[in-house]
Amino acid sequence: MKKENLIQYIYGIADNALILGQRLSELCGHGPNLETDIACTNMALDLLGQTRSYYQYAAHLSGEKVTEDDIAFLRTERQYKNVLLVEQPNTNFAYIITRQFFYDVFHLLLLQELQNSKDETLAAIAKKGIKEVSYHQRFSSDWIKRLGDGTEVSHQKTQEAVNDLWKFTDELFQLTEEDKNAVELGVGVDVSLLKEKYYQIVGEVLEEATLSVPELKWFRKGGKEGIHSEHMGYLLSDLQYMQRTYPNMKW
Amino acid sequence: MTIELEQHIDPKLFSILEKVSDPEIPVLSIMDMGVVRFAQMVNNIAQIKITPTYSGCPAMDVIGDDIINAFSQENIEAKVSLVLSPAWTTDWITPRGRKALEEYGIAAPLEEDADKEALLGNKKIVKCPQCGSTNTKMISQFGSTACKALFQCEDCLEPFDYFKCLK
């Protein structure tokens, strides 16, 4: 696989972990209670750890001058390849959990396939990640059930979050040119094949949570091509602030 | 980032590595933790490879620095690198490590199936490291670090960390 294509393919996976990790990090000290606050930041830590492994690999492929920090902090909005779902803001706890659940189910299916990649490094990162993401999915699924099948208010808020975030789910299964190239070479995962299983798992959990599956025919997309929602710029200005204000600063 | 399949430790380096402990669980040496995968002298430099417990474990950077310091005290230059595969599992914690965890107040990981039952709240099997009772309940699936969950003993009421099974 051409280096540049592989790097772009890595961004396509890693940027999701970075951006969702950033969203979860924003909750540090702001979670609804101490335990959930710690849980969300723990998941953020796992995701940022995975991001580092991917970016270190991409930096290694890019040549000596590029570091993992350059990739995380110094790209422009259009150069981030994350899906729109993960950049959606922390509106309320029902949104946070629904966004997490929608991504966790996909994330686990993706890593379960990626562990068979012909690229040894990607396979190793995936194998490590599976252990962590299974745990995330258990956490978010439990909360979906607890909120959906909870009080009238929690049910209503979670149903709203499900209805609102549903339009971002289809993008998860779209193949970019880099994806197609990576799939052909046995390096990447054909995400379009994960779709059926994804909606089955999501449907089962929603049903148990007494939530209904939206009947939506229109979906939003663009993140994978770098065309993001209006929230992304704000997120990046926060994420990149220190490196932009004090270039090359270190801890 | 390379891939290393088996653990290769030079016995002569063992005693130096054993002095380095996990910064978040100071009673536990990194050897008992099972994170050192490779340690050999190559051209008079100690080449050490470690593997993270969790991808985002912030202790790894500190452990790397501590290893270099431990070797420099013996006038040996050391180089530390990270390996990801095979992924770390709680099975690599040695029996001595498990004992150290318990004495420190952290419940050691159960086997995979039992762990699931405990974390889902189906069975009361996690033993309180303070009083030994298994009448304990999970407070939160995520604890003070990524590798632990928070439990509480319903007999002595003491809250404690449980080291989650990772396989």
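Modeller: Helix axes are lines fitted to C-alpha atoms over the stretch in contact, and their angles run from 0 to 180 degrees between N-to-C directions. Helices (H or I, at least four residues) and strands (E, at least two) are DSSP runs, numbered from the N terminus. This is a predicted model, in which local features need pLDDT of at least 70, side-chain atom pairs count only at pLDDT 80 or more, and totals for chains, interfaces and linings use all residues. Residues are numbered from 1 along each chain as its sequence is written, with chains lettered from A and ligands numbered from 1 in the order in which they are written.

Biologist: At roughly what angle do the axes of helices H5 and H6 of chain A cross?

Modeller: Helix H5(A) covers residues 93-114 and helix H6(A) covers residues 120-148. Their axes come within 7 Å and cross at roughly 145°.

Biologist: At which residue does H6(A) bend?

Modeller: The end C-alpha atoms of H6(A) are 40 Å apart, which agrees with the 42 Å that its 29 residues should span at 1.5 Å a residue; the expected span is 1.5 Å times one less than the number of residues. A bend is the angle between axes fitted to the seven residues ending at a residue and the seven starting there. H6(A) bends by about 35° at Ile130(A).

Biologist: Which helix gives the largest share of the side of chain A that touches chain B?

Modeller: The contact (C-beta atoms, placed from the backbone, within 7 Å) takes 22 residues from chain A and 16 residues from chain B. On the side of chain A, helix H2 (34-62) and H6 each give two or more residues. The largest share, 12 residues, comes from H2(A).

Biologist: Which peptide bond is cis, with omega near -5°?

Modeller: Pro86(B) is placed in the loop between strand E7 (77-85) and helix H4 (95-104) of chain B. The cis bond runs from Ser85(B) to Pro86(B).

Technical notes: Contact = placed C-beta atoms within 7 Å.
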